[in-house]
Amino acid sequence: AIAYEAFYNCSNITNITIPNSVTVIDSKAFCNCSSLTSIEIPNSVTSIGNKAFMNCSGLTSIALPEGITSIADHTFANCSSITSITIPDSVTTINNDAFRYCTGLISINVGNSVEAIEQSAFYGCNNLTNITFPDAITRIEYNSFAGCSSLSSVIIPESMKYIGGNAFYDCVSLKSIVCKSA
């Protein structure tokens with residue numbers, strides 16, 4: 001495991017390669033590593049804690065391992081240089097504020113197993129242009145995409161049961177919403 005706050009505030013780290021022996025990246029492990037541009041996370045990692053990479057503003061891309069089942073609260077919040085993210089098929093929940101203020105984020109490839117996007121998960125991702133939800137999704141919580149001012153289209157599958165208040169608040173470019181039906 002990489003322990004709680006192991007590399008917290010190490011602002012000069014530029015890249016990290018995590019060995020296959022690691023299964024857990026604990027909370028705040030790399031929080032505030034603002035010069036970090038790349039990280040290789042092996043598929044042996046099955047858990048990434050809250051705020052693990054929060055405020056890593058230099059991080060441009062990340063490949064999430066297939067073994068994780070959720071993206072914890074604030075995991076990548078304020079990682080303003082990430083332009084795209086692929087959520088693995090093993091993930092069922094994207095938790096609160098997971099990608100909040102990832103202002104460089106343009107596209108998201110949401111894994112086929114994601115059932116819930118929790119509160120403010122993509123809040124303030126103002127360069128995000130579109131998102132396609134998987135057929136497994138049933139819930140989008142409060143403020144999930146609020147402030148995504150470049151979001152222009154949304155396709156909602158028939159599996160959707162709940163869209164929370166302000167879920168798409170201030171999405172001023174939103175022109176197309178397609179709700180699929182059976």
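I started with Ile-41, which lies in the loop between strand 3 (38-40) and strand 4 (47-48). Strands here are DSSP runs of E with at least two residues, numbered from the N terminus. I kept in mind that this is a predicted model, where local features need pLDDT of at least 70, side-chain atom pairs count only at pLDDT 80 or more, and totals for chains, interfaces and linings use all residues. Residues are numbered from 1 along each chain as its sequence is written, and side-chain values use heavy atoms, with hydrogens and water left out.

Is Ile-41 buried or exposed? I found Ile-41 buried, because its relative accessible area is 10% and buried means under 20% (exposed is over 50%, partly exposed in between; 1.4 Å probe, protein chains only).

Next I looked up its neighbours. Leaving out residues up to four places away in sequence, Ile-41 touches Ile-18, Ile-25, Ile-48, Phe-53, Ile-62, Ala-63 and Pro-65; contact means heavy atoms within 4.5 Å. Ile-41 and Pro-65 are 24 residues apart in sequence, yet 6.3 Å apart in space, C-alpha to C-alpha.

Then I followed Phe-53. Beyond four places in sequence, the contacts of Phe-53 include Ile-25, Leu-36, Ile-41 and Phe-76. In the largest nonpolar core, of 53 residues, Ile-25, Phe-53 and Phe-76 touch the most other members. Such a core is a set of buried Ala, Val, Leu, Ile, Met, Phe, Trp, Tyr and Cys residues joined through side-chain atoms within 4.5 Å.

Methods. Helix = DSSP H or I, 4+ residues; strand = E, 2+ residues; numbered from the N terminus.
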